[in-house]
Amino acid sequence: DVTEIEEKEAQAKQEEQIMKEQELSNLLHEKRYLKALGLAISLDRPHTVLMVVKAILKEADGRKHLEETIVRLRKDQKEAVLTFLVTWNTNSRNCHEAQAVIETLLKHEAPESLLQYSGIKSAVESLLPYT
């Protein structure tokens, strides 16, 4: 019988999730946006990533800070943000943040590098009608 083992594993996962969410909340409160963005991406939370981007843009020199933050992300994190912003861009309330991230990616990534992103073709096709 492995029921008890499975219950303990599920409980451990749930506790870990709660700890990560608390850490994310603390990072946002402390305005440590790079770590908060990375954690929100790893938790697969598009809305939280959007909230972090909005918080960065509200700061003084927000665009500059957003660029610095996006540039420091790993390639897989940038790919995740790209998939998130496709959805953000379809909503008029979030399109400005999506466009700011797109601008940063286009400005700081070489075209050859962007072509290596997984899902770039579908992302561009989805972005074109709304951009």
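A residue counts as exposed when its relative accessible area is over 50%, and as buried when that area is under 20%, with partly exposed lying in between. Keep those words in mind as we walk through this predicted model and visit some of its salt bridges, of which a search of the whole structure finds 12.

Let's start in helix H1, which covers residues 3-29. Here the side chains of glutamate 4 and lysine 8 meet in a salt bridge, with 3.5 Å from N to O. The two residues sit 4 apart in the helix, so about one helical turn separates them. Both glutamate 4 and lysine 8 are exposed.

Further along we come to glutamate 21, which forms a salt bridge with arginine 45; their closest N and O atoms are 2.6 Å apart. This pair links distant parts of the chain, 24 residues apart: glutamate 21 belongs to helix H1, while arginine 45 lies in the loop between helix H2 (33-42) and helix H3 (46-58). Glutamate 21 has 33% relative accessibility, so it counts as partly exposed. Arginine 45 is also partly exposed, because its relative accessible area is 28%.

Now move on to helix H5, residues 75-89. Lysine 75 and glutamate 79 join their side chains in a salt bridge, again with 3.5 Å from N to O. Being 4 residues apart in this helix, they are separated by about one helical turn. What about their surroundings? Glutamate 79 is buried, because its relative accessible area is 16%, whereas lysine 75, at 41%, is partly exposed. Elsewhere, salt bridges that share partners join Arg63, Glu67, Glu103 and Lys107 into one network.

Conventions:
Residues are numbered from 1 along each chain as its sequence is written. This is a predicted model: local features need pLDDT of at least 70, side-chain atom pairs count only at pLDDT 80 or more; totals for chains, interfaces and linings use all residues. Side-chain values use heavy atoms; hydrogens and water are left out. A salt bridge is a side-chain nitrogen of Lys or Arg within 4 Å of a carboxyl oxygen of Asp or Glu. Buried means under 20% relative accessible area, exposed over 50%, partly exposed in between (1.4 Å probe, protein chains only).
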